[in-house]
Amino acid sequence: MGGKIKSWKKRWFVFDRMKRTVSYYVDKHETKLKGVIYFQAIEEVYYDHLRSAAKSPNPALTFCVKTHDRLYYMVAPSAEAMRIWMDVIVTGAEGYTQFMN
């Protein structure tokens with residue numbers, strides 16, 4: 001779901017362990033960067049069990065990525081994809097903390 005205008009748009013997400021980011025683009029050609037989520041900014045990743053995402057195209061496949069300054073609502077194409085993305089984002093964000101010492 002968009003940040004300023006609360007409407008649902010498809011985005012292409014790229015997880016980069018080396019840069020410690022999840023970047024998102026308009027499409028899979030990765031030509032127009034729309035935003036970046038830094039691992040160190042991620043506070044929580046969770047399933048939207050309260051159905052708080054307004055007008056989600058698929059509430060059962062909606063999950064949230066909470067950062068210091070924004071709550072991202074995302075919808076996966078399948079339950080398996082949702083589980084994988086949530087695991088990968090959580091693992092990446094937790095993995096970041098091991099470098100902070």
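A salt bridge here is a side-chain nitrogen of Lys or Arg within 4 Å of a carboxyl oxygen of Asp or Glu.

First, the ground rules. This is a predicted model, where local features need pLDDT of at least 70 and side-chain atom pairs count only at pLDDT 80 or more, while totals for chains, interfaces and linings use all residues. Residues are numbered from 1 along each chain as its sequence is written, and side-chain values use heavy atoms, with hydrogens and water left out.

D48 sits in the loop between strand 4 (42-47) and strand 5 (62-67); strands are DSSP runs of E, at least two residues, numbered from the N terminus. D48 is buried, meaning under 20% relative accessible area with a 1.4 Å probe, protein chains only. Even so, D48 has no salt bridge: the nearest side chain of opposite charge is R51, 6.5 Å away. For charge, Lys and Arg count as positive and Asp and Glu as negative; His and the chain ends are not counted. Leaving aside neighbours within four places in sequence, D48 is in contact (heavy atoms within 4.5 Å) with A53, T62, F63, C64 and Y73.

Now S23. What is its relative accessible area? The value is 11%, so S23 is buried. S23 belongs to strand 2 (residues 21-25). With neighbours within four places in sequence again set aside, its contacts are W12, F13, V14, L33, G35 and V36.

Conventions
Helices (H or I, at least four residues) and strands (E, at least two) are DSSP runs, numbered from the N terminus. Buried means under 20% relative accessible area, exposed over 50%, partly exposed in between (1.4 Å probe, protein chains only).
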